[in-house]
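Please work through the two exercises below with the model at hand. Each task is followed by a stepwise solution.

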Amino acid sequence: AKKLAHPDDASFFAGATLARWAQRGAEITLVVATSGDKGSADPEMSHERLIALREAEERAAAAVLGVREVVFLRYADGELFPSLELRRDITRMIRLKRPDRVITLDPTAYWYGTAALNHPDHRAIGAATLEAIYPTARDRLNFIELARDEGLEPHKVLSIYIAGTAEPTVRVDVTDTVETKIRSLYEHKSQIADMEAMAARVRERSLDPQAPADDPRYVESFRVIQLAR
């Protein structure tokens, strides 16, 4: 399962890793907190049209990656906050889908280097997801109504992959799937103005600096937390 803030986050932050896992038979559900309904400079664009457009693009991008299911929570874009309501919704999805592994974003990353700020929605979904994983989804008496009224029993996630972090601990070799990631990003037509420039940036940023020049390799990096059973 993957918990993210916006429709293009899955592909940008971990698309090649998701494609790699899907090729190996993983069943992946994307849970997208917002539908990206604010990210347009078009003065004629409405929230409703943008939601429909972005959700269709995300489903197409997910299909390229081999992801079978996309769930939209439809919180307001740009207004995400790690509230108890959001934590409950994520807890519901964890108990419903019962994943062994969850990917989310780093709630501590306010900036990247000296030229980029992190989106507040990214921090919010990361915080809410980590709080849902531990201890909320694990302990029955948290949101007791999920078990009592919806039959959703507690579930313990075993591995957390935190993307967009300045302190990664694991680098996943995605040499075989980096082009799949790029193809998935091509589906986000309303968000990416220059597709060729995007593809070049993805290849450049994914290039493994430790690989020899005559045998380039590509990686995606995560802070991985392994929770005891």
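This is a predicted model: local features need pLDDT of at least 70, side-chain atom pairs count only at pLDDT 80 or more; totals for chains, interfaces and linings use all residues.

**Exercise 1.** Determine how the buried residues of helix 2 are arranged about its axis, and what covers them.

*Solution.* 
Step 1. Helix 2 comprises residues 47-65, 19 residues in total, and reaches 27 Å from its first C-alpha to its last, close to the 27 Å expected at 1.5 Å a residue.

Step 2. List the buried positions. These are Leu50, Arg54, Glu55, Glu57, Glu58, Ala61, Ala62 and Leu65.

Step 3. The buried residues of helix 2 fall within an arc of 165 degrees, so they line one face of the helix. In general, an α-helix has 3.6 residues a turn, so residues three or four places apart point the same way.

Step 4. Inspect the face turned away from the buried side. Glu48 and Ala63 are exposed there.

Step 5. Identify the cover. The elements over the buried residues include helix 1 (9-23), strand 2 (29-34), strand 3 (69-75) and helix 6 (178-185).

Step 6. Examine the position just after the helix. Gly66 adopts a positive phi of about 95 degrees.

**Exercise 2.** Decide whether Ser159 is buried or exposed, and describe its surroundings.

*Solution.* 
Step 1. Locate the residue. Ser159 belongs to strand 7, residues 159-163.

Step 2. Apply the cut-off. Buried means under 20% relative accessible area; Ser159, at 9% relative accessibility, therefore counts as buried.

Step 3. Find the neighbours. Leaving aside residues up to four places away in sequence, Ser159 touches Asp100, Arg101, Val102, Ile225 and Gln226.

Step 4. Examine the side chain. A polar contact of 2.6 Å joins the side chains of Ser159 and Gln226.

Methods
Residues are numbered from 1 along each chain as its sequence is written. Side-chain values use heavy atoms; hydrogens and water are left out. Helices (H or I, at least four residues) and strands (E, at least two) are DSSP runs, numbered from the N terminus. Buried means under 20% relative accessible area, exposed over 50%, partly exposed in between (1.4 Å probe, protein chains only). A polar contact is a pair of N or O atoms within 3.5 Å; within protein, one must be able to donate a hydrogen and the other to accept it, and residues adjacent in sequence count only if both atoms are side-chain atoms. Contact means heavy atoms within 4.5 Å. The expected span of a helix is 1.5 Å times one less than its number of residues. The arc is that of the directions from the helix axis to the C-beta atoms.
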